Structures are given as C-alpha cells and as structure tokens.
Amino acid sequence: MVPLLLVLLLALVLFGAGFAVKVLWWVALVVLVLWLLGFVARSGSGGSRWYRW
C-alpha cells in the first residue's frame with residue numbers, strides 16, 4: 001500500500017510541476033507579445049525609449 005501511495009504522490013508532483021512549467025511558458029509568451037507590441041507602437045512616435053521606467 002505504501003509503495004502505491006508513493007507512486008501516486010510522485011505522479012501528482014510531476015504533473016503539478018509540468019502544469020506549472022506550461023503555465024509559465026504561456027505567461028512568458030504573453031509578456032513577449034505585449035513587449036513587442038509596445039516596442040512597435042512606440043517606435044513609430046519617434047521616441048527612442050518606449051518604456052517608462
């Protein structure tokens with residue numbers, strides 16, 4: 001019974017880590033798209049720095 005629980009726990013941890021990594025990839029992709037859109041939108045206005053920080 002204990003080995004079965006350990007295997008199920010390991011599968012749950014690995015699935016959770018895989019899901020978190022997948023979510024982080026999607027977040028990174030969205031941030032990249034927003035950054036590129038901001039870069040394109042600000043480059044047309046003549047400003048050399050498009051960010052505000």
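**Reading a helix and its surface**

Author: Let us start with L32, which has its place in helix α1, residues 2-43. Keep in mind that this is a predicted model.

Reader: How many helices and strands are there in the protein chain?
Author: The protein chain has one helix and zero strands.

Reader: Which residues make the nonpolar surface patch?
Author: L32 is one of them, together with W26, L29, V30, V33, L34, W35, L36, L37, F39 and V40. The patch covers about 1100 Å². The accessible surface of the whole protein chain comes to about 5100 Å², and 82% of that belongs to carbon and sulfur atoms.

Reader: How do I read a pair of aromatic rings?
Author: Two values describe such a pair: the distance of the centres and the angle of the planes. Searching the whole structure gives one aromatic pair. F15 and F19 form that pair, with 6.5 Å centre to centre and 20 degrees between the planes, and it is stacked.

Reader: Where do F15 and F19 lie relative to each other in helix α1?
Author: About one helical turn separates F15 and F19, because they are four residues apart in helix α1.

Reader: And is F15 buried or exposed?
Author: F15 counts as exposed, because its relative accessibility is 59%.

Key. Residues are numbered from 1 along each chain as its sequence is written. This is a predicted model: local features need pLDDT of at least 70, side-chain atom pairs count only at pLDDT 80 or more; totals for chains, interfaces and linings use all residues. Side-chain values use heavy atoms; hydrogens and water are left out. Patches are made of residues with over 30% relative accessible area and no salt bridge: like charges are joined within 9 Å, nonpolar side chains (Val, Leu, Ile, Met, Phe, Trp, Tyr) within 5 Å. Accessible areas come from the Shrake-Rupley method with a 1.4 Å probe; for residues, only the protein chains shown count as cover. A salt bridge is a side-chain nitrogen of Lys or Arg within 4 Å of a carboxyl oxygen of Asp or Glu. Helices (H or I, at least four residues) and strands (E, at least two) are DSSP runs, numbered from the N terminus. Rings of Phe, Tyr and Trp (its six-membered ring) pair if their centres lie within 6.5 Å; planes under 30 degrees apart count as stacked, over 60 as edge-to-face and the rest as tilted. Buried means under 20% relative accessible area, exposed over 50%, partly exposed in between (1.4 Å probe, protein chains only).
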